[in-house]
Amino acid sequence: GALQYWMTLTIDGRVLAVLVLVSVASVFVFGLAPALHLLRVDVNQIIKEPGRLGAGGVPARHWTTAFLAVEFALTLVLLAVVVGGARQQWVNQRAEFRLDSAPLLSMWVTLPGQTYESPESRVAFYDAVAERFASIPGVESVAIASALPRVSAPPMQLEIAGRESSGDFALPTVVMVGTGDNYFDTLAMPPLRGRRFTHIDGSPGQETAIVNQRLVDMFFGTRDPLGELIRVARVGTTVPGPWARIVGVVPTVRQRPGGVNADPVVYLPHRSSPSTTAAVVVRAAGEPTGLVPAIREEL
C-alpha cells in the first residue's frame, strides 16, 4: 500500500559508501582465485587438445558457460536499473519549472542585529528597500526572500491538520522559504492555483502559506490543498510555528541542488518572521548589471 504521509525514504550516504566498497572488494576477492588458476594453465595446450577432460575439459567448460550466462544476465539487469534511474531523473528535471535568470539581479543583505533587533524594524527596512529599488528607472519588480532557488533553504518538519503523526514515525521533511509580496511575479512563477501573497499576509490573524506542486503531489495527491492548514517546525525542535492556511500552489522549482527529485517547498510571508539576512531579487527591463550603481546608492 501507499506510505503514510509522514514516512520518507532517503538514501543514507554512509550505507551507500559501504555498499560501493563491498561491491568493489567483492570483484577482487572473487576474481582472485580464477586469476591465479589461469596463471598455471597452458592456454596453447588447451587449444591443441579441445577434447581433454579436467581443468579445461567439457564439464569445466559447461560450468564456465553457465556462470558467464548468469553474470551477463545480472549485468543487463543492473544496466537496465541504472539507465532507468538516469532516465527518470532526466524526466523529473524536465518537468520542473525553468527560471529565466537573464533579467534577474540578486544580492544578499545582512542587517546589524542591534540596530534591527525587532521584527517590525526588519520588515520596515525590507519594505523601504523594495519601494526605493522599484523607483529606479529600468526596474520592473523587486522581491525579498530568505533563500534563492538552487542555493539553500532550511529543512523543516511538516505537519498537516487532521493528519498529525502518531509518534511512531518522524514528520516529513520539507523546505521553507520566506518571501515578499512580489516574489513569484519577480521570478515569473505564476501560481497554478490560488493566489499570491499580499501585503497583509503574515500579519496576526492572516497566517497563510503557498506550496509547490511537488508538495501537493507527495502529501495531497488529487485532493485540492487550498484551504488546508499546515505548520512547520525546525528539524530537531518541538516548537512548531502557527497554523497557516494554504492559499496558493506554484510550479516546482528546485530549491536545493542535488537529488533525484526537487524538494517539497512551503513558502511563508517573510513579514511573519523576517530574518536579519535576506536576498533581494530585482527584475530588470534591460541589462540588469547596469542597475548595480543605482541600487548600491539607494541601499
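In which helix is Arg122 found? Arg122 lies in helix 4, which covers residues 119-134. The model is predicted: local features need pLDDT of at least 70, side-chain atom pairs count only at pLDDT 80 or more, and totals for chains, interfaces and linings use all residues. Residues are numbered from 1 along each chain as its sequence is written, and side-chain values use heavy atoms, with hydrogens and water left out.

**Overall make-up**
- The protein chain contains seven helices and 10 strands; these are DSSP runs, numbered from the N terminus (helices: H or I, at least four residues; strands: E, at least two).
- Of the 299 residues in the protein chain, 33% are buried (under 20% relative accessible area, with a 1.4 Å probe and protein chains only).

**Strand 10 and its partners**
- Strand 10 spans residues 277-284, and seven of its eight residues are buried.
- Strand 1 (residues 104-110) pairs with strand 10 in the antiparallel sense over seven bridges; pairing requires that DSSP finds at least two bridges between two strands.
- In this pairing, Ser106 stands opposite Val281 of strand 10.
- Strand 2 (residues 139-145) also pairs with strand 10 in the antiparallel sense, over six bridges, and Ser141 stands opposite Arg283 of strand 10.

- Arg122 is buried yet has no salt bridge (a side-chain nitrogen of Lys or Arg within 4 Å of a carboxyl oxygen of Asp or Glu).
- The nearest side chain of opposite charge to Arg122 is Glu120, 7.4 Å away.
- Leaving aside neighbours within four places in sequence, Arg122 is in contact with Leu111, Tyr116, Glu117, Pro274, Ser275 and Thr276 (contact: heavy atoms within 4.5 Å).

Technical notes. Buried means under 20% relative accessible area, exposed over 50%, partly exposed in between (1.4 Å probe, protein chains only). Lys and Arg count as positive and Asp and Glu as negative; His and the chain ends are not counted.
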